[in-house]
Amino acid sequence: MARYYDVHPENPQPRIIGQVADLIRGGGLVAYPTDSCYALGIQLGNQDGLDRIRQIRHLDDRHHFTLVCRDFAQLGQFVQISNSVFRLVKASTPGSYTFILPATREVPRRMLHPRKRTVGVRVPRHTVTQALLAELGEPLVSSTLALPGDDEPMTQGWEIKERLDHQLDAVVGAGDCGKEPTTVVDLSGSEPEILRRGAGDVSRFE
């Protein structure tokens, strides 16, 4: 059964955030809130966790996992950002965007798109997510909590616990964080390509 952590959405309790971080460091898979719906998160390098996320969401090996980073500086350690897209990414972070960019050697190979060697990265605004990232000191490997067959993602922590109780190690409940996922923009080519229109404004990429 998954543990349930009830976290204040604006003033997350440090003790609880520390417990969640310890669980993630120990190989746990958690559902946690972001500024654009809930996500599944594991520690960087957790290969078993990647397989569990793929199983829950029915994903193939071409799925772009996302590194959820605390800030732009941390993001820059894991992806290659050319001069042409530097300002575009910096101006859009933090925010409801996921960017697909060429990965550096810091990213485990199993996380990469098999052909493009790219990975997703984002910097969220959500207070609870930021507190967790600060406690971890490293990015969370994440995937939007969108289940196969569902028209919309779940918006409440208790609902996620009821549905995925035996597939997760913990659920971090912090109220309704919405059901619109991030806007996904592929910046690995010569021109920006919008792969998914979501919560972020796409006008700057068109």
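Predicted model: local features only at pLDDT ≥ 70, side-chain atom pairs only at ≥ 80, totals over all residues.
Me: A pocket, on a 1 Å grid over the protein atoms alone, is an open set of points with protein on both sides within 12 Å along at least five of seven lines, while a cavity is a set where a 1.4 Å probe fits but cannot get out. What volume does the largest pocket have?

Reply: About 350 Å³, counted as the space filled by probe spheres set on the points, which are joined across faces, edges and corners. Residues are numbered from 1 along each chain as its sequence is written, and side-chain values use heavy atoms, leaving out hydrogens and water.

Me: Which residues make up the middle of the largest pocket's lining, and which strand gives the most?

Reply: Lining residues have an atom within 4 Å of a point, and there are 23 of them here, with Thr66, Thr98, Thr144, Val184 and Arg196 nearest the centre. E7 gives the most, with three residues. At least two residues each come from E3, E4 (66-68), E5 (97-102), E6 (118-122), E7 and E10 (193-196); strands are DSSP E runs of at least two residues and helices H or I runs of at least four, numbered from the N terminus.

Me: Why is strand E3 called largely enclosed?

Reply: Buried means under 20% relative accessible area, against over 50% for exposed and partly exposed in between (1.4 Å probe, protein chains only). Six of the six residues of E3 (38-43) are buried, so the rest of the structure largely encloses the strand. Tyr38, Leu40 and Ile42 point one way, Ala39, Gly41 and Gln43 the other, and all are buried.

Me: What makes E2 and E7 partners of E3?

Reply: Pairing takes at least two DSSP bridges between two strands. E2 (30-33) has four to E3, running antiparallel, with Val30 opposite Gly41. E7 (140-144) has five to E3, also antiparallel, and there Ala39 stands opposite Thr144. E2 and E3 form a hairpin with four residues between them.

Me: What is the phi of Cys37, and is this residue buried or exposed?

Reply: Phi is near 70 degrees, a positive value in a residue other than glycine. At 1% relative accessibility Cys37 counts as buried, and it lies in the loop between E2 and E3. Arg117, in the loop between E5 and E6, has a phi near 60 degrees but is partly exposed at 37%.

Me: What makes the chain as compact as a globular protein of its length?

Reply: There are six helices and ten strands. The radius of gyration is 16 Å, close to the 17 Å that the globule rule gives for 206 residues, so the chain qualifies; the radius is taken over C-alpha atoms, and the rule is 2.2 Å times the number of residues to the power 0.38.
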